[in-house]
Amino acid sequence: MGYNLGVCPQCNNVMSMPDDSAIVRCPTCQSEVSAAEAAALAGANSQMGAQQQPQNPYGAAAGTTYPVQPTYGAGAPLLATWQTNVLFTVLGILATMAVNGFLGGSVDANGQVHTTTMSGIFALIYLAFIIVYAVKIYPSYFTEKPMIESSEAISFLNAFVGGIIFGLLWNHNLTLKNKGISHIVFVVLIAATFALVFLLLMFGAMAVMAGAVA
């Protein structure tokens, strides 16, 4: 008498069966199963184990699909046609120099800086605008709905807000389709600068008041 391998259809246990038995008892679950059915399951499992899928050079089974990794900025229509406008970039740099000169006030013969109420109000408006531009408008260029779509206007505003350093960097980032973190660094530097100026003005006012009292 010989023995065949079989697989119990109830618990999937692999067992040895006498080749002359029609019904066998599974030693694991104690179920009585058909020897022919158990032998057929064993044959099917062996065939599945023997089959091997062809491999590609990277070790994955042929026909395996992988999720496509999205390209950064792929959903931004502005980036597909972006091209820095040199003329408007230069105009933006000149404009920011003019604004900074206006905000700097005038210096008298004694070296004292004089500012007007209008320049102070304009400085606050300009500060609010550049912060909104860096935080809200510039990042929108890398999205599906840019807040500004004209390359001329964007080239000008990047230079007008960011100046020579950040303005040129932002234009370059648009060319590379990489937003980066320069706009965040810009806001931090602007906030720190204005805080320092505010403190200096306060200390200057306190010194003037102390001198007047003395």
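## Packing of α4 against α5

In this predicted model, helix α4, which spans residues 117-140, packs with α5 at an angle of about 50 degrees, and the axes of the two helices lie 11 Å apart. The two helices are therefore oblique to each other, and α4 passes α5 in a right-handed crossing.

On the α4 side the contact is made by Tyr126, Phe129, Ile130, Tyr133, Ala134 and Tyr138, while α5 contributes Ile154, Leu157, Asn158, Phe160, Val161, Trp170 and Asn173.

## Packing of α3 against α5

Helix α3 (residues 86-103) also packs with helix α5 (residues 151-176), here at an angle of about 65 degrees and with the axes 7 Å apart. Because angles from 65 to 115 degrees count as roughly perpendicular, α3 is described as roughly perpendicular to α5. The crossing in which α3 passes α5 is right-handed.

From α3, the residues Phe88, Thr89, Leu91, Gly92, Ile93, Ala95, Thr96 and Val99 take part, and they meet Glu152, Ser155, Phe156, Ala159, Phe160, Gly163, Ile164, Leu168 and Asn171 in α5. The residues of this contact of α3 with α5 divide into ten nonpolar, six polar and one charged.

## Threonine 96

Threonine 96 belongs to helix α3 and, with a relative accessibility of 7%, counts as buried, because the cut-off for that class is under 20% relative accessible area. When its neighbours within four places in sequence are left aside, threonine 96 is in contact with Tyr126, Ala159, Phe160 and Gly163.

## Lysine 177

Which backbone angle of lysine 177 is positive, although the residue is not a glycine? The angle is phi, with a value of about 60 degrees in lysine 177. As background, most residues other than glycine have a negative phi.

Lysine 177 is placed in the loop between α5 and α6, the latter covering residues 182-213. With a relative accessible area of 35%, lysine 177 is partly exposed, because that class lies between the limits of 20% for buried and 50% for exposed.

Note on methods. Residues are numbered from 1 along each chain as its sequence is written. This is a predicted model: local features need pLDDT of at least 70, side-chain atom pairs count only at pLDDT 80 or more; totals for chains, interfaces and linings use all residues. Side-chain values use heavy atoms; hydrogens and water are left out. Axes are lines fitted to C-alpha atoms, for helices over the stretch in contact, and angles run from 0 to 180 degrees between N-to-C directions. Helices (H or I, at least four residues) and strands (E, at least two) are DSSP runs, numbered from the N terminus. Angles under 35 degrees count as roughly parallel, over 145 as roughly antiparallel, 65 to 115 as roughly perpendicular and the rest as oblique. A crossing is left-handed if the near helix is turned anticlockwise from the far one by less than a right angle, and right-handed if clockwise. Contact means heavy atoms within 4.5 Å. Ala, Val, Leu, Ile, Met, Phe, Trp, Tyr, Cys and Pro count as nonpolar, Asp, Glu, Lys and Arg as charged, and the others, Gly among them, as polar. Buried means under 20% relative accessible area, exposed over 50%, partly exposed in between (1.4 Å probe, protein chains only).
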